[in-house]
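Here are my notes for your first read-through. Keep the viewer open and check each point as you go.

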Amino acid sequence: METISKVIAQEEAGSTVRHILRAKLHFSSHAISRLVRMENGILLNGQHARTVDPVSAGDVLTVKTGDSRPPKAEVMPGNWPLPIVWEDGHLLVANKPAGMTAHASNFLPDTPTVAGALAWERGTDFLFHPVNRLDKGTTGLMVVAKSGYVHDLLRRSLHTTRFRREYRAVCIGCPPALKGTVDAPIGRAEGSVVARTVRPDGVPAVSHYEVLRRMDGMSLLKLVPETGRTHQLRVHMAHLGCPLAGDWLYGTEDVELIPRPALHSCALELVHPVTGELLRLTAPIPADMERLL
């Protein structure tokens, strides 16, 4: 199980272990309770420590970051290809193919899943914590945390400069301006449990776009979401009158053109929540979108 360590600074001397865990390492109260129940979950200078123990300058506090309980729901393993772009003991980044969901659902019980692909490769006790979920039809970079602690840290950095995502998309037509921002709230579409729409009483949603190329009645776009609403990029482009090619829900289904919404998570810039390393990762545009270009 992975651990993280912190050397206590002079100005932190006299604080309790609990204060360091909360204020400096950003463990939640629930996560601290899990650490207390773990064998050697919290060590101070290599010895078991209580959360009420005071710390001194130069002390080394070491805590486990892994989960100590089995997954809440059984994951069905599947031999589905899932390329791993980057990985360490705390997180991994996969290049998700089209047709794969994050988890199994009652609506799509036989669909390949990221959880199932990882369980096939790493065992059913591998705990799966998806950070930036991608729709079934969307391809590209998807971050998976290996513990609830790292998942919580990554969720806090989503939609900030510490976690920046960039997409490529092919839309029908061309937006009215070659570069712009769509600031339009999104909510559920009336009469549908799946579809979303722009509506005044929706939640705030902001997307930035840039036209990179025009070709045969379509446009290649660079898309950068500032928020993370369900179907946000697909809804916003449809709102501009330029639905994504192949988008059966917000545009026109055309399986001969492309059998899915033409959307790909192509680049990721992420500050590692434990090491502080800046990760810059890319994934090439998949073949079905290349054919449109």
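**Notes on the model**

1. Start at a loop. Val 193 sits in the loop between β11 (186–188) and β12 (196–198). Keep in mind that this is a predicted model. Val 193 is exposed, with a relative accessible area of 64%. Together with Val 194 and Trp 248, Val 193 forms a nonpolar patch on the surface. The accessible area of Val 193, Val 194 and Trp 248 together is about 320 Å².

2. Now step back to the whole chain. The protein chain has six helices and 16 strands. Its C-alpha atoms fill a box of roughly 65 × 40 × 35 Å, taken along the principal axes. Of the 293 residues in the protein chain, 49% are buried. The chain exposes about 14600 Å².

3. Look at how the chain meets itself. Take the contacts between residues at least 6 apart in sequence: 64% of them join residues at least 24 apart. Gln 10 and Leu 292 are 282 residues apart along the chain, and their C-alpha atoms are separated by 60 Å. Gln 10 lies in the loop between β1 (3–7) and α1 (17–24). Gln 10 is exposed, at 61% relative accessible area.

4. Next, helix α1. Which residues of α1 are buried? They are Val 17, Ile 20 and Leu 21. Seen down the axis of α1, its buried residues fall within an arc of 100 degrees, so they line one face of the helix. What covers the buried residues of α1 includes β1, α2 (29–37), β2 (42–44) and β4 (60–64). After α1 comes His 26, whose phi is positive, near 65 degrees.

5. Compare helix α2. Its buried residues include Ala 31, Ile 32, Arg 34 and Leu 35. Viewed down the axis of α2, the buried residues fall within an arc of 155 degrees, so they line one face of the helix. The cover over the buried residues of α2 includes α1, β2, β4 and α4 (148–157). Note that Arg 34 is on that list of buried residues.

6. Check the cysteines. How many disulfides are there? The count comes to zero. Cys 171 is in no disulfide, and the nearest cysteine sulfur, that of Cys 242, is 4.6 Å away. That gap is too far for a bond, because a disulfide needs sulfur atoms within 2.5 Å. Cys 171 is buried, at 0% relative accessibility. Cys 242 is buried too, at 3%.

7. Move to strand β15 (residues 263–271), where Ser 265 is found. Is Ser 265 buried or exposed? Ser 265 is buried, with a relative accessible area of 1%. Leaving aside neighbours within four places in sequence, the contacts of Ser 265 include Leu 134, Thr 139, Gly 140 and Leu 141. Glu 166, Tyr 167 and Ala 283 are also in contact with Ser 265.

8. Then the salt bridges. The whole structure has 16 of them. One joins Arg 50 and Asp 53, with the closest N and O atoms 2.9 Å apart. Asp 53 is buried, at 16% relative accessible area. Another joins the side chains of Glu 166 and Arg 168, at 2.7 Å from N to O. Glu 166 is buried, at 11%. Arg 168 also counts as buried, at 18%.

9. Finish with a pair across two strands. Glu 269 forms a salt bridge with Arg 280, and the closest N and O atoms are 3.0 Å apart. Glu 269 lies in β15 and Arg 280 in β16 (residues 278–282), so the pair ties together parts that are eleven residues apart in sequence. Glu 269 is partly exposed, at 27% relative accessibility. Arg 280 is exposed, at 60%. Elsewhere, Glu 87, Glu 121, Arg 122 and Lys 146 are linked in a network of salt bridges.

Terms used. Residues are numbered from 1 along each chain as its sequence is written. This is a predicted model: local features need pLDDT of at least 70, side-chain atom pairs count only at pLDDT 80 or more; totals for chains, interfaces and linings use all residues. Side-chain values use heavy atoms; hydrogens and water are left out. Helices (H or I, at least four residues) and strands (E, at least two) are DSSP runs, numbered from the N terminus. Buried means under 20% relative accessible area, exposed over 50%, partly exposed in between (1.4 Å probe, protein chains only). Patches are made of residues with over 30% relative accessible area and no salt bridge: like charges are joined within 9 Å, nonpolar side chains (Val, Leu, Ile, Met, Phe, Trp, Tyr) within 5 Å. Accessible areas come from the Shrake-Rupley method with a 1.4 Å probe; for residues, only the protein chains shown count as cover. A salt bridge is a side-chain nitrogen of Lys or Arg within 4 Å of a carboxyl oxygen of Asp or Glu. The arc is that of the directions from the helix axis to the C-beta atoms. Contact means heavy atoms within 4.5 Å.
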